[in-house]
Amino acid sequence: MATENGSAEPAKLNEKPGEKPGGKTNTNGKTDGKRAVTPITVTHPENVGVESIQLFREPPWMLRLTIQDDRSYLRVKIVRAAPLSHPNRYICILDAKDEEICMIDDPKLLASEMADIVKEELDRRYLTSTIERVTSVRNEFGTSYWDVLTNRGEREFVVQNASENAQWLGDHRLLLVDVDGNRFEISDLNALDKKSQGYVELVL
Amino acid sequence: MPPQVSLKLSRVQGPQEEVLVQVATDMATEEVFDERWLVITNQRLLLLDTDTGDNDNDNDNDTDNDTDNGVWHWPLASVKGARVEALVGGGRLEIESNDGAPTHYLYYSNSLADKFGEIAEGISQLSRGEEMALPTQLERTRCARCNRVLPEKDGVCPACLKKLDTLKRLLRYFAPYRIRVALLLFVLAAETLIDLIPPFITQHIIDDVLVPRANLGLLAQLALALLGINVVGWFAWVSRRWLGTTVGFRAIEAMRMDLYRALQYLPLRSFDKRKVGGLISRMTNDSDLVEVYLIFDIPYIVNNTLMVIGILGILFYKSWELTLYVLLPVPFIIIGSSMIWQRMEAHWRRWSAKWSRLSSHLNESIRGIRVVKAFAQERREGQRFDRHNTDLRDVSVTAERTWVVFFMVTNFFMSFGVFFVWYFGGQQVLGDELTLGELMAFITFIWMLYQPLKWFGDFYGFMMRAYAGAERIFEIIDTRSEPFEEPGAVPMPRIEGRVRFCRASFGYDPGKPVLKDVELEVKPGEMIGLVGKSGAGKSTLIQLMCRFYDVTRGSLEIDGVDIRQIRLEDLRGQIGLVAQTSFLFNCTIAQNISYGRPGASFDEILRAARAANAHEFIVTKPDGYDMVVGEQGNKLSGGEKQRLAIARAILHDPRILILDEATSSLDTPTEKKIQEAISRLVAGRTTFAIAHRLTTLRSADRLVVLDAGKIVEVGTHEELMETQGYFYNFVKTQQETSAVTAVSG
């Protein structure tokens, strides 16, 4: 892992989509236009060109990864690097020991059948439900009991200490984590009906 | 199990087929929340959907022989095992068939993750031909009575509290002060009575002095009586508070004592399950809630209830018609105030959330001031603070406004009562049915009646919180403590130190063994080095030695006696523990050294400190042995703390010694000193040492190498190096890493 010092010798697959996110996320107060951002150069073995990534299911219940002309993994796992802020970008492929093999900055650049595989895998891994309607919320003894309609159907859940277990992801986007660690998202509070909004506001 | 599912099950269940487990997932597929039943019988696995039709999952799997009347089923013989895959917000159970292909996936949400972990283990056990050993009890997530989801696992359902039982139990703490409590009740009643008297006197003043404009002598008497009543009332008030607080605080003291004792004797397992913060909050917050309830709320409630009853009695006696007018706004006051109380509570909650956010920001930015300055982010921090500050202002304003509305609304309704009484009462006075004094008394009584009603809206919530707090405290008190005083336990005044693990298995969760079939015999006085990766089970082995936990299968014997039969006090009294980071108490060095043997003489303490190479640094401290080490010993360095811990262990004189990475994270010269101290400590005692450093391991008589809960190698350092097995590789990698660190500095 300790190859941070290898900036002098370029690795074999050395085109850097990694600079873009580095430059983008660095916006905290410094982008007054006065200072140019120094590009961050990292040479990482994880940096693999999108075109050399081959994902396929063989046997059908196992997901395999081959990095062309280099190496192959029998069982890999696909995860999001930033599931909340960048759900559709920065996708990591991990090996059986949960160590990162490579990152796909933008899965759209993949061949379509592989992009489909990535989407399927992500869809089954992230079981966060989206709340479509709040049927009722009761608040008792510091614990709120929710009865909601989600994209997966109706569900009841309990959130303890709402101020700690609700995370605002934006001005109108909210993530609730219930006592068991299940996740419920309200992607746009204003898009819910008035009654649902009222319930949410009562608690938060 | 819903009827349509059990019907389905009965259709396919064979005559000799016995259901072992039936369990429902809460997700039919990864896309839908719904139940789906997995039934494990002694012959096969069955999967049943809740719908009545049996044809809509043909696309799930292809082979025809998998279904039987629309029920998926697999003979146990064709199942190789099951495993779970943790997903984000849930998980997936994979049933694996003999050819390695998964036959089916079952999705479930995080609420059932623990349960399905056990199920997977159970299926694997069955498919290996073993008995299924499922934990008999899983943590309860729902209330057994009302099926409401519990705020914490195995917790108390706030809605189903047996309030009366809890109250009775609370009152039991007052039993030793029976006389004082009786006195208190008497004073309370007297106080209420006294409070009711002044309006009568004013009534007399008006009717017999002011209206007739005569009887000056009577006026003096009445005024004096008023003064006297006030003095008596004041006296009653003081004595009530006096009695109430002494009795209440004593009861609370006894309760806290019970709680603390219970906490100390709680088995370690309970500490794993609960967060330390949660336990401490039972000691502090919950007992606070109960305290406020016992000391302030109960007297207040009793006082006001008596008052309301008394006033109503008087009013009815005086004029039942007027009283009906008085009562007219009461339902509105109660309903209105309880409605606003709810909103008030939401505001207060919001307010305290904002307040804590502001203070945590403050805390963070002040603690991290170096970072803020180094990155020149003062302005941004200021902006962040402003935002929190504005938020706080906004909620404070709304809260305050609602508070004003609360008073407005209740006063509004009350003024109706007053209006009715003035209007109709005034008519009665004019019609000579009522005297002016009586009317004035009436009006005074109305206010006295309405005031407590305002607060009744909040009583329920307050009471419930206090009961929930009490219940949480009682829960701890009721938890079975460690078997410290088992009657049949074998006393063992002096342990020889022969230790024998006999096919010992153990898991913190019954389904997931951490140690598997450990076989090991240790001679008295032998030093055993435990080697293995983290998570291999070294620490667990040691925890079993201390009997912090009991083996789930097999046995552990000390001097030929099963550890479960040895008197716990004798066992723990002769086991010494020196851990990686030693915990010291906030008292003097001498007191810390003698913690395990409180009566030790100063000479003994000195000898122990010398043997531990601690004496030399202790005497350089200005207060020497009398130095207070600070919270967790933070006034001492790591090496100093470690040497004190060793001195403590030496003085304790254990027969079995446990060194849990006692020398890691120290610099080399210090380590040498500690090595020396340890070698003195080890002499003549059975020792188990966990260590990563090879220097520590070299002095061990035998090394035991653990991997994934099993003993893989046993032998001396030389033997293991020769066999070039697991240990050899371990040493090699360590040497390589230290070479790399040496190069890179």
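Where is the place of A:Pro59 in chain A? You'll find A:Pro59 in the loop between β1 (53-57) and β2 (63-67) of that chain. A cis peptide bond joins A:Glu58 to A:Pro59, with omega at about -15°. Keep in mind that this is a predicted model.

## Where the chains touch

Chain B puts 25 residues in contact with 27 residues of chain A. On the chain B side, the elements giving two or more residues are β2 (32-41), β8 (102-109), α9 (330-367) and α12 (436-478). Sorted by class, that side of chain B has 13 nonpolar, six polar and six charged residues.

## Inside chain B

The largest nonpolar core has 67 residues, and B:Leu530, B:Ile646, B:Ala647 and B:Ile658 touch the most other members. Helix α18 (residues 638-652) of chain B gives the most to this core, namely seven residues. Apart from it lies another core, of 26 residues, including B:Leu38 and B:Ala82.

Back to B:Ile646: leaving aside neighbours within four places in sequence, its contacts are B:Val578, B:Ala612, B:Ile674, B:Ala677, B:Ile678 and B:Leu681.

## Two loop residues with positive phi

B:Asn215 sits in the loop between α4 (178-210) and α5 (216-265) of chain B. Its phi is near 60°, a positive value in a residue other than glycine. B:Asn215 is partly exposed, because 15 other C-beta atoms lie within 10 Å.

B:Asp432 also has phi near 60°, and lies in the loop between α11 (378-430) and α12 of chain B. Buried or exposed, how does B:Asp432 count? B:Asp432 has 7 C-beta neighbours inside 10 Å, so it counts as exposed.

Definitions and conventions
Residues numbered from 1 in each chain as written. Chains lettered and ligands numbered in written order. Predicted model: local features only at pLDDT ≥ 70, side-chain atom pairs only at ≥ 80, totals over all residues. Contact = placed C-beta atoms within 7 Å. Helix = DSSP H or I, 4+ residues; strand = E, 2+ residues; numbered from the N terminus. Nonpolar A, V, L, I, M, F, W, Y, C, P; charged D, E, K, R; others polar. Core = buried A, V, L, I, M, F, W, Y, C linked by C-beta atoms within 7 Å. Buried ≥ 20, exposed ≤ 12 C-beta atoms within 10 Å, placed from the backbone.
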